[in-house]
Amino acid sequence: MNGVSDEGIPYWDDLYLDVIVLPDGSLFIQDEDELEEALRQGHIEFQDYKLAKETAAKIILEIRSGENKVINNSIKHFWQLINL
């Protein structure tokens, strides 16, 4: 999760899970074991666990549908650099 605080300070909250996209377009989720462990050890609450899972699923849907802004901007900037 990312955003800007009321004070105008950007932040990024690590939700434990990482969605990995390879150059061939395949993707997978990494660090599910860390998320499970964090829940078991009480480092996060079930609400945080659920948020992480839901956010990863949303990101995967965005990537598969071609609507993920981070991926799309990265591709756009890549092509701008190639065409310099």
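From the N terminus on, the elements of this protein run β-β-β-β-α-α-α. That makes three helices and four strands; helices here are DSSP runs of H or I with at least four residues, strands are runs of E with at least two, and both are numbered from the N terminus. The radius of gyration is 16 Å, well over the 12 Å that the globule rule gives for 84 residues, so the protein is more spread out than a compact globule. That radius is taken over C-alpha atoms, and the rule is 2.2 Å times the number of residues to the power 0.38.

Before the details, a word on the source. This is a predicted model, in which local features need pLDDT of at least 70 and side-chain atom pairs count only at pLDDT 80 or more, while totals for chains, interfaces and linings use all residues. Residues are numbered from 1 along each chain as its sequence is written, and side-chain values use heavy atoms, with hydrogens and water left out.

Some overall values next. The C-alpha trace spans about 50 × 35 × 20 Å along its principal axes. Of the 84 residues, 15% are buried. Buried means under 20% relative accessible area, exposed means over 50%, and partly exposed is in between, with a 1.4 Å probe and protein chains only. The accessible surface comes to about 6800 Å², and carbon and sulfur atoms hold 55% of that surface. Areas come from the Shrake-Rupley method with a 1.4 Å probe, and for residues only the protein chains shown count as cover. Among contacts with a separation of 6 or more, 29% are between residues 24 or more positions apart; a contact means heavy atoms within 4.5 Å.

Now the charged pairs. Side chains of opposite charge can pair when their charged atoms come close. How many salt bridges does the structure hold? There are three, a salt bridge being a side-chain nitrogen of Lys or Arg within 4 Å of a carboxyl oxygen of Asp or Glu.

Take Lys-53 and Glu-32. Their closest N and O atoms are 2.9 Å apart. From C-alpha to C-alpha the two residues are 9.1 Å apart in space. Both are partly exposed: Lys-53 has a relative accessible area of 28%, and Glu-32 has 33%. What else does Lys-53 touch, leaving aside its neighbours within four places in sequence? Besides Glu-32, Lys-53 is in contact with Leu-17, Leu-35 and Glu-36.

Another salt bridge joins Glu-37 to Arg-40, with 2.6 Å between the closest N and O atoms. These two sit three residues apart in helix α1, so about one helical turn separates them. Glu-37 is partly exposed at 29%, whereas Arg-40 counts as exposed at 60%.

The remaining pair is Glu-54 with Lys-50, at 3.9 Å from N to O. Both lie in helix α2, four residues apart, about one turn of the helix. Glu-54 is partly exposed at 44%, and Lys-50 likewise at 43%.

Asp-31 has a positive phi of about 75° although it is not a glycine. Where does Asp-31 sit? Its place is in the loop between β4 (27-30) and α1. Is Asp-31 buried or exposed? At 18% relative accessibility, Asp-31 counts as buried.

Last, the nonpolar surface. Ile-75, Phe-78, Trp-79 and Ile-82 make a nonpolar patch of about 420 Å². Patches are made of residues with over 30% relative accessible area and no salt bridge; like charges are joined within 9 Å, and nonpolar side chains (Val, Leu, Ile, Met, Phe, Trp, Tyr) within 5 Å. Ile-82 belongs to helix α3 (residues 69-82) and is partly exposed at 47%. Phe-78 is partly exposed at 44%, and Trp-79 at 48%.

The structure also holds two aromatic pairs. One of them is Phe-78 with Trp-79, edge-to-face, at 5.1 Å centre to centre and 75° between the planes. Rings of Phe, Tyr and Trp (its six-membered ring) pair if their centres lie within 6.5 Å; planes under 30 degrees apart count as stacked, over 60 as edge-to-face, and the rest as tilted.
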